[in-house]
Amino acid sequence: MSNKVLICRCEDVLLDELEEAIAKGHDDLESVKRYTGFGTGWCQGKQCTALVARLLVSRGGVAPALPITPRPPFHPIPLADLAGLCPDDAEEPA
Amino acid sequence: MSARPLPEDARTVVVGAGIMGLSIAYNLARFGAERVLVLDGGYLCGGASGRNGGGVRAQWSSETNIRLMRRSIALCDEFATKMRINVWFRRSGYLFLARSDERARQLEASCALQNEHGLSTRILDPTGIKKLVPQLDVSRVVAASHNPDDGVVFPWPFVWGYAREAQRLGVELHTHTRVLDLETEGERITGVVTDRGRVRAERVICAAGAWSPELTRKVGVELPSRPHRHEICSTEPLKPFLEPFVGDLGTGLYFSQSMRGEIVGGISNEHVPEGLDQASSLRFLALYARSLTRAMPILGGVRVLRQWSGCYDLTPDGNPLVGPVDEVPNLYLASGFMGHGFMMAPIMGELYARHLLFGEEPELFERWNLRRYAQGNLLSETMILG
């Protein structure tokens with residue numbers, strides 16, 4: 001049986017990889033996010049941020065005052081739908 | 001990283017642990033400089049170095065930028081081996097689209113200059129463009145310039161690579177350490193006051209990106225540059241299909257496919273709040289989505305996963321601020337890189353260190369000096385994107 005523990009399911013970030021990042025000195029939540037890519041996939045951290053924060057604190061890292069910066073959109077949106085929201089006054093310069 | 005105490009004094013204090021500051025510090029140490037200290041108020045990759053699109057190109061309109069970026073790309077080539085970190089560097093070319101005859105003429109003039117300096121850039125007609133990127137709608141496109149040797153990197157490992165190697169060579173790096181004030185005696189800086197204590201400094205290099213005007217103002221130096229929020233976004237990952245990084249100088253639209261498969265890109269947007277601001281807007285997404293789906297309609301069904309923003313450090317003449325400040329002789333600038341500092345940093349770090357230690361490249365450091373604004377010797381660059 002594999003002993004791999006998946007923490008961020010969207011970006012396939014393993015517990016081991018998070019431990020390694022913290023051991024390398026990425027000891028605050030935003031730095032760990034950048035080093036491992038956790039929270040940057042389909043769910044944008046909705047499922048994994050709390051787990052990573054708990055792990056970070058238990059390994060002596062900096063206790064986060066805030067979660068990672070939430071990135072819009074809340075749900076993935078097709079480009080064609082967004083294009084339809086373009087304001088009428090915005091011309092496209094040549 | 002920040003638990004260690006600050007040193008009492010330093011020969012060189014670099015303010016800003018973005019790629020520019022770290023590249024300068026690494027190169028100083030590599031050429032034997034000692035007591036180099038790098039300070040940053042935030043964390044690594046927290047500013048523009050961690051928020052950009054990762055494009056590296058030698059297609060520019062001025063001889064200086066072409067020459068420097070050619071060398072920067074060569075340094076990117078060997079970065080992974082030398083710094084022992086994977087930067088996902090992909091030399092898959094840059095394609096600049098022109099939708100007007102005037103833009104096409106500009107690209108032609110730049111292409112001729114680039115060819116003179118040994119670049120393989122060529123001008124493509126719509127048929128040639130279609131051949132390179134079949135998914136592009138070329139009905140509104142007049143021509144394009146393409147350099148197959150430009151490329152894309154993943155920005156973050158560049159920052160980590162420089163940080164790690166600089167520290168291995170003896171550079172002290174302190175993140176989460178905010179510079180509150182600069183102490184002076186006469187016209188010279190004598191110390192840097194931070195929220196974690198004071199450090200005596202023999203010289204200070206300002207590599208604080210969009211935060212640079214705030215820093216130099218502490219010693220009464222007003223920079224002509226200003227922060228400008230630039231937004232960017234990334235889609236769900238797709239199977240690799242898009243070779244070059246695509247740009248349009250008219251709208252400022254640019255996009256490329258990352259090694260993770262996402263389409264990453266942005267667009268010019270003048271209507272953003274003044275000053276240092278890293279928020280996101282729906283207006284940006286709409287502008288970007290409209291121009292992107294016009295350029296490549298097949299992307300209409302692809303979903304945007306995340307958007308973010310970073311701050312450009314814009315100068316009035318589109319050229320950076322580099323070298324010593326006349327009024328404060330031991331204050332040096334490495335700022336005003338117009339949103340292109342990331343790609344310039346590998347070569348600028350090396351040139352800066354060589355200039356400080358051996359006096360090399362005096363012409364470049366004169367040309368890009370802040371005093372050109374007092375003297376009225378402004379420069380130009382037409383191939384600024386975003």
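**Salt bridges in chain B: a few notes**

1. Arg371(B) and Asp326(B) pair up through their side chains in a salt bridge at 2.8 Å, N to O (the term covers a side-chain nitrogen of Lys or Arg within 4 Å of a carboxyl oxygen of Asp or Glu). This one links distant parts of the chain, 45 residues apart: Arg371(B) sits in helix H10 (residues 371-375), Asp326(B) in the loop between strand E17 (321-325) and strand E18 (328-335). Helices (H or I, at least four residues) and strands (E, at least two) are DSSP runs, numbered from the N terminus. Asp326(B) is partly exposed, at 41% relative accessible area; buried means under 20%, exposed over 50%, partly exposed in between (1.4 Å probe, protein chains only).

2. Bear in mind that this is a predicted model: local features need pLDDT of at least 70, side-chain atom pairs count only at pLDDT 80 or more, and totals for chains, interfaces and linings use all residues. Side-chain values use heavy atoms, with hydrogens and water left out; residues are numbered from 1 along each chain as its sequence is written, while chains are lettered from A and ligands numbered from 1 in the order in which they are written.

3. Arg30(B) and Glu350(B) form a salt bridge at 3.7 Å, N to O. Arg30(B) is partly exposed at 32% relative accessibility, whereas Glu350(B) is buried at 13%.

4. Asp77(B) and Arg91(B) also make a salt bridge, at 3.5 Å, N to O. Asp77(B) is partly exposed at 43% relative accessibility, and Arg91(B) is partly exposed at 37%.

5. Over all chains, the whole structure has 34 salt bridges.
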